[in-house]
Structures are given as structure tokens and as C-alpha cells.
Amino acid sequence: MLTSIRAELIKQTRRPANWLLLAIAAVLTLTFAYAIPYAGLSSGPSGAPGSGRGLPSMLPEAFVGNALGGVPIFVGALALVFGVLVAGSEYGFQTWKTVLAQRPSRFTAYGSKLAVVAIANLIGVLTLFAAAAGGSAAVAALEGAPMNWPSAGDIVLGMGVGWLVMTMWGACGALLGIAFRSVALPIGLGLVWMLAIQNLLASIAAPALEFVGELQKVLPGPNTGALAAAMGAASETPGVDALVGSGHATIVVAGYLVAFCALGGWLMHRRDIL
Amino acid sequence: MTNSAVAVAVDGLRVIRGGREVLRSVSFDVPRGSVTGLLGPSGCGKTTLMRAIVGVQIVAGGTVTVLGQPAGDPLLRDKIGYATQNAAVYADLTVTECLTYFASVLRVDDPAADARRVIADVDLTDHAGKLVGNLSGGQRGRASLAVALLGTPELLVLDEPTVGLDPVLRDDLWTLFHRIAERGTTLLVSSHVMDEAARCDRLLLMREGVLLADDTPEGLRAHTEQSDLEQAFLRLVRESEAAA
Ligand SMILES: Nc1ncnc2c1ncn2[C@@H]1O[C@H](COP(=O)(O)OP(=O)(O)OP(=O)(O)O)[C@@H](O)[C@H]1O
Ligand SMILES: [Mg+2]
């Protein structure tokens, strides 16, 4: 198993697409958490979302929330794309059969995929935190504001939350990749769900229909938003909303993570993939 | 069943695919350390038979025993190398990265060295640093073939490994197959080119899911009184049609 995980990890590091995803996540986080609000700060409210936020939200003290601001929407979506690529590309290249016909068992092969998703998202969350820390330090330096950092405990807790949410979406992507045995359709459907349907549910359906409002409390997206909100992400960020408590949200998100992993494993085990 | 002189024993194998019986009671033995050719026209069931031997095909009846174990047994996993008819390699990795990955999951001692060895075996050393997606069709096929050669498989099942290659490369590969067989490895190689049949130790001729012949090239020539294997095969087809 360890050999398989290492081999899988090395393989993924050789793929330019994965580094691109990581770079996009970091750049988008910096843009929306620092660059745009900072530009808005100096040029007066421009009406762009997030541009009306004050200086305190950009200082090092608040960087954990800023690092997690994009996690419910675009960072989660990128994690989902990554999960689809990790599992689904094996179908596109017809390599599952090369891997499985002779070598590791299906359990080992699938397990190493999940392990790589988890490890890669850890790298991803560390990158986001490093980027946000750098962004907030830059703002503090430019404005001559004090550099007060959050406690190590808060930082680690924030990283844990980010990792949990991203790994949950990554496992969701892997499940979709396996279910559709491809890359394009699962990415498309996953993004439609995350970026369109989730927002429509939250902004149109939930206020109008009570049962949708209740449903929101057990769907993955709103729970990830609640986790980000609990960690201090700005509540005007799309997808960030303290709809439920952080304990409830943690349990739901972890539940989805386990369910996605189990369902993907069951499909791998049961179906003829060749 | 543990006959050490026999690498693959197929007995009364029946396979149904897409509602049709594509293998109808096929029986034969493949001796160890030989190069056995599996020949027949397109759609006759060569790939299906190979899948059954590798253990990835649901069978409707009969038995397939590979190296003393039932086909598909986990014990066989690192003893069989299987190159599928379509190239099955990562297009977004280089040849070296791709083979090193497969060598690592196979858990050979030195994955990088083993990858270099098989890349040289299939004559891709000059292209080792290229992305698989940028290789020509024949080169990609050889990269896929190289995966099957990794480690020390006791049985190599190669599905049309020489298709789309020029005569010189085809000749090189057949020389390689015999070199591998000399080390005691058993090879089962499919083709629908009859001129490759002459390079096999034994021949299995199939047509429409039925085994027409299981013989050496010389035996086949003698039996059909044809010096040309292509003619010999046509003769067998006629005989089987007349008998039906
Ligand atoms: N996935 C499938 N579902 C249903 N029928 C199939 C499937 N794959 C192959 N068949 C049928 O099984 C028969 C044997 O196919 P097979 O692939 O074994 O032929 P082959 O001898 O390898 O042909 P070729 O030389 O063209 O590769 C064919 O009639 C084919 O139509
Ligand atoms: Mg075939």
C-alpha cells in the first residue's frame, strides 16, 4: 500500500494540470481576499463584492478566515476537479486495466488514490495559508499596521477545517470520476452542482420554500460555508454563511467524506472496469 | 492440475459477450517457455480468450488454469504481464515517468533501472523523455508493451503487439520475444498477420470462437499439405466448413 501511495503521489506531481489547479486556488484566494479589497480600500467603495471591507479584515490577525474564504466555492470546486482527474483519468487513458490486471488489488489502488487526494489537499491548504499569510503581511507592511498573528491553535484548526472540506470535495470528485468512468462529464456536472445549483438553492429556493431551507442544513455546500464562517471568513463572501453551528457542520462534512469514499470503493469493487 | 510443463491449460472454455457465444468450447495447452501464436481473423475471439487467461473476463463455462492456479487468482498478479490491444499508458507523462510508475506499483527492486531496461527492449530509448501523448501510434503501442515486460513475469500475454509497426521493428520484437522465452517465460502473442505465424513455436488458429488448429507451424504445413501458412489456414477453414 505504501509503495502504491508513493508511486501515485510521484505520478501526480509530474502532472502540470495539478500544479495549475494549485496556482489558480492560491491566486484566486489572494485576489478576492486581498487584492480587490485593498484596491477598494484605497480608491473608495467601487461596488465590487468584498471591496467595501475595512482594513482590519486584511491584517494578519484575520488571515485564517481569508485563507478559507474561497474554500466553500472555488477552492472546493478545484479540489473536486483534482479528485476527478486523479480517479477519472485512469479511464480515459485505459490504464485501470494496466494497473489492476496484474498489479495491486483494487482496494490498494483505490486506497492509494484517496490517500493522494488527502495528501494533495494538505499541500493545497498549506499553500492557501501561506499565500493568505503573505497577503496579510504585505497589507500590514503597506499600511504600517501591526502584525498580530492568530494563535497557533487557531491556525492549525483553520487548516484542519480547510483540509476536511477540500478532501471531502476531492473524494466527491473521485467518486464521480469512477461513477462516470471519465473526466469531462463528472467535472462538468460537479461544477454545475457546486457553482450553479448550490447558489440557486441558497439564494432563490431556500428563502421561498421552507423544506429547501431545512434541506440546506444537510447538504455538503452550506455546511462547508458554515465551517468557513465559523473560522472567520467574511460573511459577504459567496457560499460563506453561518447557517448551522460548526459542530453540526463538521459532522455533516465528515459524514459526506466517509460516504463518498465508501461509495467510490463499492463501485470500484463491484463493477467491471475493463 | 499442477503440471509444470504446461503454463496455460484451457478446457472447454465458453464465453458469452453481448448475448453471443464468442468462445465455444475452446480447449488447448500452452507449454512453458514457448512462444505461442494466437491467430485468426478480426472478431474471432482472440482478445476475449486472452482476457479469460488474464482473468478479467467473465466466463460462462469451462476452466482456465494459469501456472497451476485458476485464472484471476491473486497469486498470479505479478506473474502475468498483459499488454492490451489498445495502448494503455498515461498520455500526460513521459515514457520514463510512466514506466517508472508502473514499475513502482509492481514493486520491483529498482523501478528506475527496470523502466530503462524495458524502454531499451522496445527500442524507445531515444524517446524516453517524450510525453507519451506526443509519440506516434506505433511508439505508443511499444510503450504499452513495455509495461507488460516490467518485472519478471512468467507468462506474457500480448494482444497484437506488432500491429502498425514496420517490418524491421516487427522483426526486432519477435527476436525479443524469443529471447524472453529462452529465459523460461511463456509468451502468448496474438496477431492476424499470417507471416508472423512462422516465427511461433506453436500456433493456435481460431475462427468464429472455435479453435481450428493447435499445432506447430511445420505440423500445420504437413497436415494441410501447404507450404504457405496463409494457404494452410484457408485450407483448414474450408475443411471445417465442409465438416459443418
Ligand atoms: N464489450 C463487448 N461486448 C459485447 N461483445 C463484444 C465485446 N467485445 C467484443 N465483443 C464481441 O466478441 C467477439 C470477439 O471479440 P474479440 O475482441 O475477442 O475479437 P478479436 O479476435 O480480438 O478481434 P480483433 O482481431 O479485431 O482484435 C466479437 O464478435 C465482438 O463483436
Ligand atoms: Mg482483439
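Me: Taking helices (H or I, at least four residues) and strands (E, at least two) as DSSP runs numbered from the N terminus, where is the place of P72(A)?

Reply: P72(A) sits in helix α4 of chain A, which covers residues 71-92. Please keep in mind that this is a predicted model, in which local features need pLDDT of at least 70 and side-chain atom pairs count only at pLDDT 80 or more, while totals for chains, interfaces and linings use all residues. Residues are numbered from 1 along each chain as its sequence is written, and chains are lettered from A and ligands numbered from 1 in the order in which they are written.

Me: Ok, and is P72(A) buried or exposed?

Reply: P72(A) is buried, because 29 other C-beta atoms lie within 10 Å (20 or more within 10 Å is buried, 12 or fewer exposed, in between partly exposed, with C-beta atoms placed from the backbone).

Me: What is P72(A) in contact with, neighbours within four places aside?

Reply: Once those neighbours are left out, the contacts of P72(A) (C-beta atoms, placed from the backbone, within 7 Å) are G221(A), T224(A), G225(A), A228(A), G239(A) and V240(A). As for N223(A), its C-alpha lies 8.6 Å from that of P72(A), although 151 residues separate the two in sequence.

Me: Switching to chain B, how many helices and strands?

Reply: Chain B has 7 helices and 10 strands, and its C-alpha atoms fill a box of roughly 55 × 35 × 35 Å along the principal axes. Of its 244 residues, 46% count as buried, and among contacts between residues at least 6 apart in sequence, 66% join residues at least 24 apart.

Me: At what angle do α6 and α7 of chain B pack?

Reply: Helix α6 (residues 217-224) and helix α7 (residues 229-243) of chain B pack at about 60 degrees with their axes 9 Å apart, where axes are lines fitted to C-alpha atoms over the stretch in contact and angles run from 0 to 180 degrees between N-to-C directions. On the α6(B) side the contact is made by P217(B), L220(B), R221(B) and T224(B), which meet L229(B), A232(B), R235(B) and L236(B) in α7(B).

Me: And how many residues go into the contact of chain B with chain A?

Reply: Chain B puts in 24 residues and chain A 20.

Me: Which element of chain B gives the most there?

Reply: That is α2(B), with 6 residues; β6 (80-83) and α2 (95-106) of chain B each supply at least two residues of the side that touches chain A.

Methods. Contact = placed C-beta atoms within 7 Å.
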